[in-house]
Amino acid sequence: MTSTAAIAPPADAPRLPVRTMAAMFVRLLAIQGAWNYETLLGNGVGFCIEPALRLLPSGIHSPEFKAALARESRYFNAHPYLASIALGALARAELDGEPPARIERFRTALCGPLGSVGDRLVWAGWLPFCSLASLAIFGLGATTFAVVSFFLLTYNAGHLGLRLWGLRTGWKHGLHVASALGNPVFRRGPQQIGRLAALATGIAIPLALGRIIGPGRNLIGGVLIGVALGSLLIVRLRNRIEGWRLSLVVLAVFVLLSVIR
Amino acid sequence: MIIELVPLALLGGVLGLDVVSFPQAMISRPLVAATLAGGLMGQAPSGLLIGAALELIALETLPFGASRYPEWGSASVVGGAIFATHPTHPAGAMTLGMLAALATTWIGGWTMVKLRQMNAHWAAHWRQGLEAGSRGTVTTLQLTGMTADLARGVLLTAIAYSVLSPMANACIGVWSMDARLSRALIVTTAASVAGGAAWKLFHSTAGARWFFVGGLAIGLFMLFAQ
């Protein structure tokens, strides 16, 4: 693979060397490496876009390069996977020589949509779906290797595919990338995945608890009633205490009772 | 102890790094992380068992935006390793492994907040270079953040395992509760959290409740048919 080989571009998009695209993609996996409460993803965007900025005609020691890198390293917020869309679009805008003020406005406008769409699609949809589907497979008695492989392969097919698609789509559309957010995957995907995840939840919980409880399965009726009541309690208590903290308290009390008795 | 601690701490560091910094491939999810820890102790299936229970709880804490959430990668290594060191699964082993993981995940979440504050401090310290568009500064800040995150995970895992593993062993020695009851309580707690989490995630999705009910019917049928 050489720097002269290129990603097949759409009719009107300039060619981006494969080496540059690959460097941006690998760096994209570390986009949150310096995440902080001041600039959020900002430095990560600068870090990821730097290989593309090297292609600026004036070179890496020029004022244009430094101004572009400084601009791209400022505050930015987005879902880490969908930041790839912004990254591709911003790289294209910088290399096309768009006015800095226009690029700044574009960066600001992208933050909200890329955050909320990504959260709904990935964190509230794809991740729980893959997790619950894997728990269902676990509950059916699959081997350790099968459960872990299924989870990692399924999840990362979506994860890496989304990042790669985003980078290419952003590069292809440049500052007009907003139309890509109208993709059916973003419009209807969260709902469809949500339904599938709800189905997987129903299947996974009884099967997973059946396998974890193991020899105590004659207690399963009581456990199921306990789960129904416990779930209701956690739903009622939302915004007051998180379930994992409640679990910590319950288990700590149980350990104390078991050890002291 | 030292011989098992070094690989566990390194694993905890790598999986802690995966939570946010690199590459977010979800190898840090309890289902994977606890299994890998169990594998290091020669008991991958034990790791998977506790990993599944932790995964049910972890469904509630997804990494939304800038929210503060527990860190499951390093914590699952600690919990998975503690449970896997008792391959006969004596009464209390899973309860104590879960408790150790939950305690570590709590501390881990706090360390992530501190790391983010440190990243902000470093960004402020290097502001001049960032505003000047220095390649070196941008790359250094990124690598510093990632290295600090790796170190955070290594230290967290090493300290948590060193402290909690002997405590768990001592508690198992005097455990008085019935093994089946112990396991039933864990499962009830974890599945309750998962049920509550699922409601929070999907209750606003049109038709999701019917999919859930349908899934539950399938799941219960398969459970009792097994």
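Which residue, just after α5(A), takes a positive phi?

**View 1. The α5 helix of chain A and the residue that follows.** The residue in question is A:Gly141, whose phi is about 95°. This is a predicted model, in which local features need pLDDT of at least 70 and side-chain atom pairs count only at pLDDT 80 or more, while totals for chains, interfaces and linings use all residues. Residues are numbered from 1 along each chain as its sequence is written, and chains are lettered from A and ligands numbered from 1 in the order in which they are written. Helix α5 of chain A covers residues 100-139, 40 residues in total, and its first and last C-alpha atoms lie 55 Å apart, close to the 58 Å expected at 1.5 Å a residue (the span is 1.5 Å times one less than the number of residues). Helices here are DSSP runs of H or I with at least four residues, and strands are runs of E with at least two, numbered from the N terminus. A bend of about 35° occurs in α5(A) at A:Asp119, taken between axes fitted to the seven residues ending there and the seven starting there.

**View 2. A loop residue of chain A with positive phi.** A:Leu40 sits in the loop that joins α1 (18-28) to α2 of chain A. Its phi is near 50°, a positive value in a residue other than glycine. Most residues other than glycine have a negative phi, and most peptide bonds are trans.

**View 3. The chain A side of the contact with chain B.** In this view 86 residues of chain A are in contact with 95 residues of chain B, contact requiring C-beta atoms, placed from the backbone, within 7 Å. The elements of chain A that give two or more residues to this side are α2 (42-53), α3 (63-72), α5, α6 (144-173), α8 (189-213), α9 (220-236) and α10 (243-260). The largest share, 19 residues, belongs to α8(A). By class, the side of chain A that touches chain B has 51 nonpolar, 27 polar and 8 charged residues (Ala, Val, Leu, Ile, Met, Phe, Trp, Tyr, Cys and Pro count as nonpolar, Asp, Glu, Lys and Arg as charged, and the others, Gly among them, as polar).

View 4. Chain B has 9 helices and 0 strands, and its C-alpha trace spans about 65 × 50 × 25 Å along the principal axes. Helix α1 (residues 2-20) and helix α7 (residues 135-173) of chain B have axes that come within 7 Å and cross at roughly 135°, where axes are lines fitted to C-alpha atoms over the stretch in contact and angles run from 0 to 180 degrees between N-to-C directions. Among the residues that meet are B:Leu5, B:Gly13 and B:Leu17 in α1(B) and B:Met146, B:Arg152 and B:Tyr161 in α7(B). This contact comprises 12 nonpolar, 6 polar and 2 charged residues. The axes of α1(B) and helix α4 (residues 72-84) of chain B come within 6 Å and cross at roughly 145°. The residues that meet include B:Leu11, B:Asp18 and B:Val19 in α1(B) and B:Trp72, B:Val77 and B:Ala81 in α4(B), and the contact has 7 nonpolar, 4 polar and 1 charged residues.

**View 5. Helices α3 and α8 of chain B.** Helix α3 (residues 44-58) packs with helix α8 (residues 179-202) of chain B at an angle of about 35°, the axes being 7 Å apart. B:Ala53, B:Leu56 and B:Ile57 in α3(B) meet B:Ile186, B:Val187, B:Ala190, B:Ala191, B:Val193 and B:Ala194 in α8(B). The contact of α3(B) with α8(B) contains 9 nonpolar, no polar and no charged residues.

**View 6. A cis peptide bond in chain B.** Between B:Phe22 and B:Pro23 the peptide bond is cis, with omega near -10°. B:Pro23 belongs to the loop between α1 and α2 (30-40) of chain B.

Conventions: Two residues are in contact if their C-beta atoms, placed from the backbone, lie within 7 Å.
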